[in-house]
Amino acid sequence: MTGTDYVTEADRALEETYEEPMSLPAYVDRIFENPTIASHASKYLLEATEAAGTRTVVEEGEEKERYRFFDDPYNDGEHAILGNTEVLNGFVDDLRSIAAGRAKDEKIVWFEGPTATGKSELKRCLVNGLREYSKTPEGRRYTVEWNVTTADAEERGLSYGGDPTASDDQHWYESPVQAHPLSVFPKDVRDRILADLNGELEDHVPVRVDTALDPFSREAYEFLEERYRRAGKDELFSAITDETHLRVKNYVVDVGQGVGVLHSEDDGRPKERLVGSWMHGMLQELDSRGRKNPQAFSYDGVLSQGNGVLTIVEDAAQHADLLQKLLNVPDEQSVKLDKAIGMDVDTQMLIISNPDLEAQLNQHADRNGMDPLKALKRRLDKHRFGYLTNLSLECELIRRELTNEKSVWEADGYDELADRIREPVTVTVKGSDGETRTEEFAPHAIEAAALYAVVTRLDEEDLPNGLDLVDKALIYDKGYLQEGDTRREKDEFDFADGAHDGEHGIPVTYTRDTLAELLQTDRERHHAELPVEDVVMPRDVLNGMAEQMADAPVFSTGERSEFENRVVPVKNYIFDQQESDVIEAIMHEKRVDEETVAEYVEHVYAWETDEPLYNDRGERVEPDPLKMKLFEVEHLGRFSEEEYQGNLPRESVQNFRREKVITSLNRHAWEHRDEDFAVQNVDLTAIPVIKSVLESHDWEDVRRTFEDFDPRQWDDPPSGTETETVKEDTIETLVTEFDYSEASAELTSRHVMGQVSYRWD
């Protein structure tokens with residue numbers, strides 16, 4: 001594309017975003033065609049959230065519907081809020097009640113949680129989502145602008161800080177607080193418009209516009225009203241709102257226009273932070289008729305900027321003095337510029353804080369009914385963000401912190417997520433010498449960091465017998481626990497409802513800083529002749545996270561002791577994953593093909609059923625006792641020759657075939673039943689025992705397949721030995737099939753073989 005093409009593309013984008021101003025009657029016609037553009041603040045925020053749709057996720061082991069709005073879809077997921085879906089769904093439910101005027105009108109929404117739980121991302125996600133939604137036809141947002149110079153050429157005109165001598169084309173002044181166009185109408189007429197509009201709505205949330213004109217617009221309205229009344233003008237309202245004086249224009253919602261954000265560092269008197277301040281120099285220039293003129297008001301307070309959509313108080317503990325000033329804003333929907341001039345406000349108020357705000361609010365709690373903060377606490381509707389307790393989400397978050405990856409992970413099944421969890425990560429690092437180099441987090445390194453962080457956040461008081469915290473973490477991530485051939489769903493475990501999962505633990509900021517330090521530290525080479533100084537192994541990660549706690553002020557003494565004790569089961573689990581990779585790489589070329597497995601399943605099914613069974617070629621399947629026996633002894637490795645009488649299975653083998661193969665097959669058939677179901681069409685990997693045959697091996701399989709293999713020779717295998725051949729093939733397979741680099745494959749396999757050597761004989 002040429003430069004001109006890019007400019008043309010930008011022109012098109014803006015044309016789709018903005019419209020030409022319209023007259024007030026044209027706007028009224030428009031809202032009957034598209035009622036959402038007239039929505040009040042809470043309804044608008046609800047509609048923006050729902051417009052992005054939903055998706056199904058698993059969190060804490062349960063399927064939940066998640067609003068995609070919180071994945072920051074319009075910004076490619078850059079500020080997605082990971083996890084906390086139940087909390088966000090509760091927020092949307094409350095929005096629905098507030099928008100419909102059911103019980104929670106007076107509430108101020110409060111998001112509270114420890115540091116690094118996604119609260120800042122919430123603010124950015126809301127701003128991004130509302131901005132982009134306002135660019136869509138359904139999400140258009142409108143306000144009014146005024147021009148009074150055409151009423152009397154001798155008048156100085158209307159402005160708020162602008163040049164009153166500007167040309168006529170520049171005499172249009174927009175409402176500084178995004179006044180709703182319907183607020184121009186007298187209340188009884190506005191009520192009739194809304195009654196007619198809501199009568200046509202299928203939505204259960206009616207449109208409500210209870211606000212009067214803002215002071216600046218009211219000044220313009222009254223100025224025009226006085227001029228035309230003195231002139232004896234008929235149809236006074238039509239004259240005032242003629243398109244030469246009043247236009248309805250659309251605006252893109254953003255910070256400062258529809259979204260007000262009060263940051264932690266913002267200061268000033270409460271009135272200034274809330275609505276703005278008077279510009280005293282302007283008071284002398286404007287004809288105020290003996291009073292303060294709303295044209296001389298800055299309107300840069302958080303409520304002024306957020307009027308029409310959303311008001312956010314960030315790090316609310318820094319503005320605790322302001323919260324009491326907000327008490328009556330939600331229910332009275334008004335605020336005063338000073339004692340004489342008030343302003344109606346329509347905004348959804350939302351405050352964000354760390355737990356320190358709650359401590360401030362409870363400072364008088366022991367005074368019971370005399371608590372001066374009781375009225376404020378009654379109006380706060382609390383939603384608590386917690387630390388992530390899903391392994392996959394924590395992996396995603398850590399990768400975001402280390403790299404520029406921003407897309408939200410979505411998967412058709414957990415196997416796809418599992419591949420993302422174990423993936424290696426490469427990071428470009430600039431050293432103290434100014435040179436850049438590429439560092440690799442080996443496969444399972446990010447998984448190790450994430451699993452350790454999650455394990456520190458889980459409550460161990462409710463652990464069922466036989467489970468440890470790693471098991472709980474896996475159940476929360478998958479929704480089930482696979483134990484050999486047995487799959488147990490989460491609802492089979494008795495986890496307490498009141499568990500304190502996610503309330504404390506290792507924050508992602510600590511994990512990020514530890515991993516970043518590992519990247520910058522010259523680690524000891526694991527072996528002198530190996531190019532491994534640029535590989536961070538899972539054990540490097542876990543050792544670093546555990547050892548650096550002693551110097552981390554974010555943890556208390558009790559937390560350090562508790563968290564350090566939880567690293568051992570994580571190390572064991574990660575080693576099991578590395579060991580599995582190495583075994584599967586060794587046995588990669590020796591795996592049983594699906595055709596052989598399918599033939600075995602067909603023969604078992606034919607062995608059990610009384611009805612004739614035909615394969616996909618139309619041939620009748622006759623069960624072959626020898627083929628079944630060989631598969632069960634050699635491939636499954638479950639049975640010995642003693643468990644057969646000749647080729648005929650004894651009771652233990654028969655029970656296995658019925659309970660593990662046929663029952664699983666029938667269950668799968670029932671769950672996926674359709675007209676075309678046949679044994680040969682079954683996804684065999686969906687049957688646990690078959691999945692283990694296709695995908696899982698153990699050291700006995702290795703020993704049986706490679707009789708002369710010796711893991712003690714792995715580091716430097718003698719030339720011409722079977723160990724040398726196995727190692728060469730294994731390293732190549734780890735690199736080509738398992739996403740290892742040559743260095744990480746070497747280090748991982750050495751680590752695994754070092755442990756296996758002790759028990760090989």
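**Aromatic pairs and their labels**

Mentor: Of the 761 residues in the chain, 50% are buried, meaning under 20% relative accessible area with a 1.4 Å probe, protein chains only. This is a predicted model, in which local features need pLDDT of at least 70, side-chain atom pairs count only at pLDDT 80 or more, and totals for chains, interfaces and linings use all residues. Residues are numbered from 1 along each chain as its sequence is written, and side-chain values use heavy atoms, without hydrogens and water.

Trainee: How many aromatic pairs does a search of the whole structure find?

Mentor: The search finds 19. Rings of Phe, Tyr and Trp (its six-membered ring) pair if their centres lie within 6.5 Å; planes under 30 degrees apart count as stacked, over 60 as edge-to-face and the rest as tilted.

Trainee: Why is the pair of Tyr44 and Tyr133 called tilted?

Mentor: The ring centres of Tyr44 and Tyr133 are 5.3 Å apart and the planes meet at 55°, so the pair is tilted. Tyr44 and Tyr133 are both buried.

Trainee: What makes Phe69 and Phe70 an edge-to-face pair?

Mentor: Their planes are at 90°, with 5.5 Å from centre to centre. Phe69 and Phe70 also belong to one aromatic cluster with Phe91, Phe111 and Phe385.

Trainee: How do you know that the charged end of Arg141 sits over the ring of Tyr44?

Mentor: The criterion is NZ of Lys or CZ of Arg within 6 Å of the ring centre and within 35 degrees of the ring normal. The charged end of Arg141 sits over the Tyr44 ring, 4.2 Å from its centre.
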